[in-house]
Structures are given as structure tokens and as C-alpha cells.
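Dear colleague,

I am passing on the structure that we spoke about, and my notes on it follow below. Please read them with the model open beside you.

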Amino acid sequence: MAITVTDPRPINRAEEILTPKALAFVEELHKRFAGTRNELLAARAAKRQRVAETGKLDFLPETQTVRDGDWKVAPAPAALQDRRVEMTGPASPAKMAINALNSGAKVWLADLEDASTPTWGNVIDAILNLRDAAQGTLSYTSDEGKEYRLRTDAPLAVVVARPRGWHMQEKHLLIDGEPAVGALVDFGLHFYHVAKQLVLNGHGPYYYLPKMESHLEARLWNDVFVFAQDFLGLHQGTIRATVLIETIPAAFEMDEILYELRDHASGLNAGRWDYLFSLIKYFRDAGEEFVLPDRASVAMTAPFMRAYTELLVKTCHKRGAFAMGGMAAVIPNRRHPEVTEAAFAKVRADKTREANDGFDGSWVAHPDLVPTCREVFDSVLRSKPNQLDKQRPEVNVTAEQLLDVSSAEGQVTEAGLRLNLYVAVAYTAVWLSGNGAVAIHNLMEDAATAEISRSQVWQQIRNKSVLADTGNTVTKELVERILGEETERLRTEFGDEAFRRYYQPASELIADICLSDDYTDFLTTPAYELVG
């Protein structure tokens, strides 16, 4: 095998990350594990096809012994015992990384995935920032001369890095002429440069693992971890991973996923937005009963979402793992106090439900929301670091409950269709500009919410959904018309230059994937071809 870097200096100091030894480690990861990853991606497609033919998904009979077994994951290290509030956000640019580390959150999900556009510069800058943070040297000075430094008056957030999902590629690292696996690039460069320093700091190389659809994919990550720890001479179990249960097939394999990672597992997370996206994607052609109402009306209190989160808490605590709550997407607006007040109220209600259900902590997308989330969990946890002792024996979730999409309250409306198209184009445009997380109408949007938006449009066309507020039927022609109107609205909001560079190509991409007869599994796959 031979590894080639198409651009060895995408940013200043890139050579500190793209060292010969680090690249050799990534190459070895690819040689050992890329083949299995490719087989597992093929298995995803085959399973989805089988489910599409029946409209059914169930717990695996062949792993019944795992679900019935009396086993637990390895005890959490001290640095991860208390995760009551976790800040999420990209690790690039440095300013955002510093703000997250200084936020007062217990944990920072340093996101190289849904909140980050994987331009080559962003990928390398994120690893560089995480390495500098581990060494305590991360700093940033703005063009206006404002300095950002790591705080010394209180603990920094513990870093849990999220690499890309198994499906993404890295076109700037070629191995035998083929793009490398994005997840192995992110993990490999981060682990090689940062793992030993984190151990010296009293922490460790901790990860969030996204987009998995089966316990076999978790087994692959476990194999990667075992090899990587041996490679650097670290004790087995030094790595700890929290898995996002954000696909509908993974919801049926929570026990099995924890079991495969049991020496390295620290918890599961309720990745609510991607979970809804996965439901639409998986059952997109299974009929009207799987058509969700407008995205904004699908609450976490919907019966099928309650089934998902309660099963997650029960499974985690039975196995000694942490149950982490989902993202609070609302964000405050310091210029509009009424918006901020509404955001705080929504976050408080959301986190109160999670804390009372037994979650051990939850996510926020803005530093100003950290105190609210912490206050809610403080009131429930009191002097305890977590709620592992809160078992949920009364919870008994069936396959039918997890798939009871039709129980969600709400309607499919033209207003919702219009908002979906606006958000899909607006987010994709910002993504193409190199920023993977953006506030739109006081909501923090990332790839997951854009995925829901464009997937709902495709599904509504497929099912000829009738819009409750206008009586119109969703057709390709209707979507083309509304997409054109929303695209023109974005032109007036952001100007001709930004429109030409980002919003017009974004609109063309959304048109292609929404109007195509074939469904595109991930918006970010074709979008990635449009960025440097």
C-alpha cells in the first residue's frame, strides 16, 4: 500500500499533523480495517432493502443471549463519571474550540462530523486544535486583537471527539489511489497525536461514534481500538467510546452494541435528529403510515420517541453505561431578550424531562445554555455524579412501539414543506462555505436537521402527501415552485455574491436529491464533492 497526500499544507502548521509516522499509522488502519468497513456498508444496503419489502424491523433473534445475559461494561474512568452537561460544536476554528473548553460544561463533544464541513483545512485544523488543547497551548487572537486563551480559574471541559461516520471518505488522503476512510483518518490522526498526552493529563482518548447501524459496526470500532492501543503501547481500555443511537436499526441493537464495545464503552446517546432522519430514510417507501408530520411538530414526547429514549436509559443503566440526552437545538439571541427567554424555557423543559427519566446528562449547542442544563441536572442528581443507580425495570419496549410513527401528533403542511426547503438550502450553502453548524431562525442546524428536511420532501413526493393547510398534493412540480421561491428569498437575504458562490449550487443540489426517483443516502456525500 502507498499513501498520498493531495495537499500537504492546507493550513499553516499542517506539517505538525501530517507527519510520516502519523500517516503510516493511518495507512495501517486502512490496510487492516477498510475492507471490513466496505463489507458492512454493503450489508447496510442489503438489510434496508429487506426491511423495505416487509415494512418491519425487529430485535435480532440470534443475539437473544446477549440481551438476556448478565454483563456490564467496564467502569467509567474518573474523568467521565460526571457528564451532566455536554457542550457540542466543531473543533475548528480555534476560537470555537476555546469557547467550548471554557464553557463550564463537564464535557465538550469536539465534532469532526455533523457540525463540521470536512474541508481538508478544517480536518487538519481540528486535529491541530485538539492537540494544542491537550498540551495546554491553544490560543487565538482575532483580527481586531481580541485574545482567546484557555481558562485557568476552573476546569476545562473533558474532550470527547466525534470522528466522521463509516460512510464518509477522505479524498485528500489516497491509499493505493483510492480515498481513505474518513472515520479512520479522523480517529487515526487524533489518536496518534493526542492519546498519550491525554493520559498524562488524567483523561484519555475518548470518542463519540456516530451513524452506526449494527453491532457488527461496533465490533469493527472495537477492533480498531484494540489495535490502536497496542500500536502506541497503551493499556487496553484506555479508549472510551459513547455511541450515538441515531439510526433506527441501531435502536434494536443497543445491548449488542454495548456488548461489542464493553471494554471500551462508556454510554449511549439519544441522537434525536439523526434518529428521525434514519426513520424517514429506512421506511421512505413503506407507505403513508411512516410519513412524519412537519419536523417542528415532532416532539420528544411522541410515543415512538418516548419508547426510544426510555429503552436507551433502561439498557444503559442495566449495563453500567451512561445514558446521554439529546441536543437542545434552540439557541439564545443576546440582542433579543424575548428570544433568549423562550430558548431557556424550552431547554429547561427538555432537560427536566430527560433528568427525570434517568439520563445522566445532556447536550447543549451554546455556552449560554450550559448553566440552565447544569441547574436542571443538579436539582435531580444533587450530590451524585450520575444516575447509574436509577434502573428502569418497568420499561418494556416492543418493536411495534419503536415503529409507531403514526402516533406522532401534527400534520404535513405547505408551511412545513416551505421551511424544509429553506433550511435544506440555507444549511447546505453554509456547509459548502466551510461551516458545518449555523443558526437559522434561532435554531442550531447541523447536517442532521438538513437531512431530515430534504428527506421529508422526498418522502412526501413519493407518497403524494396532501398538505393540511392548502389541500395541495406534494408533487415534483409543487416542490420545484416552492424551492424556487425559497431560493430567491435567500438571494435577497444574502446578496448576489454569496448566492452565486454557495446558495445557487446548494439549491441545485437540493433539487437534484429531492426530485430524483432514487433516494440519496446522505446529503453530505454529494455535497462533499463540491468543497475543497
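This is a predicted model: local features need pLDDT of at least 70, side-chain atom pairs count only at pLDDT 80 or more; totals for chains, interfaces and linings use all residues.

Lysine 464 belongs to the loop between helix H15 (447-463) and helix H16 (476-494), and with a relative accessible area of 58% it is exposed. As background to both, most residues other than glycine have a negative phi, and most peptide bonds are trans.

The backbone has a further feature to look at, namely the peptide bond that runs from serine 92 to proline 93, which is cis with omega near 5 degrees. Proline 93 is placed in the loop between strand E2 (85-90) and helix H3 (94-101).

Turning to the protein as a whole, the model contains 18 helices and 15 strands. Its radius of gyration is 22 Å, close to the 24 Å that the globule rule gives for 532 residues, so the protein is as compact as a globular protein of that length. Taken along the principal axes, the box filled by the C-alpha atoms is roughly 65 × 55 × 50 Å. Of the 532 residues, 61% count as buried, and among the contacts with a separation of 6 or more, 79% are made by residues 24 or more positions apart. The exposed surface comes to about 20600 Å², of which carbon and sulfur atoms supply 50%.

The aromatic residues deserve a paragraph of their own, as the structure holds 23 aromatic pairs. In one of them, tryptophan 221 and phenylalanine 225 have ring centres 5.6 Å apart and planes at 35 degrees, so the pair is tilted. These two residues are separated by about one helical turn, because they are four residues apart in helix H6 (residues 215-232). Tryptophan 221 counts as buried at 1% relative accessibility, and phenylalanine 225 counts as buried at 0%. An edge-to-face pair is formed by tyrosine 282 and phenylalanine 283, with 6.0 Å from centre to centre and 65 degrees between the planes, and both of these residues are buried. Ring pairs also link a cluster whose members include Phe25, Phe33, Trp166, Phe187, Trp221, Phe225 and Phe231.

Finally, I would point you to aspartate 255, which lies in helix H8 (residues 254-260). Its relative accessibility is 11%, and therefore aspartate 255 counts as buried. Leaving aside residues up to four places away in sequence, aspartate 255 touches Val66, Arg67, Trp71, Thr315 and Arg319.

Note on methods: Residues are numbered from 1 along each chain as its sequence is written. Side-chain values use heavy atoms; hydrogens and water are left out. The radius of gyration is taken over C-alpha atoms; the globule rule is 2.2 Å times the number of residues to the power 0.38. Buried means under 20% relative accessible area, exposed over 50%, partly exposed in between (1.4 Å probe, protein chains only). Contact means heavy atoms within 4.5 Å. Accessible areas come from the Shrake-Rupley method with a 1.4 Å probe; for residues, only the protein chains shown count as cover. Rings of Phe, Tyr and Trp (its six-membered ring) pair if their centres lie within 6.5 Å; planes under 30 degrees apart count as stacked, over 60 as edge-to-face and the rest as tilted.
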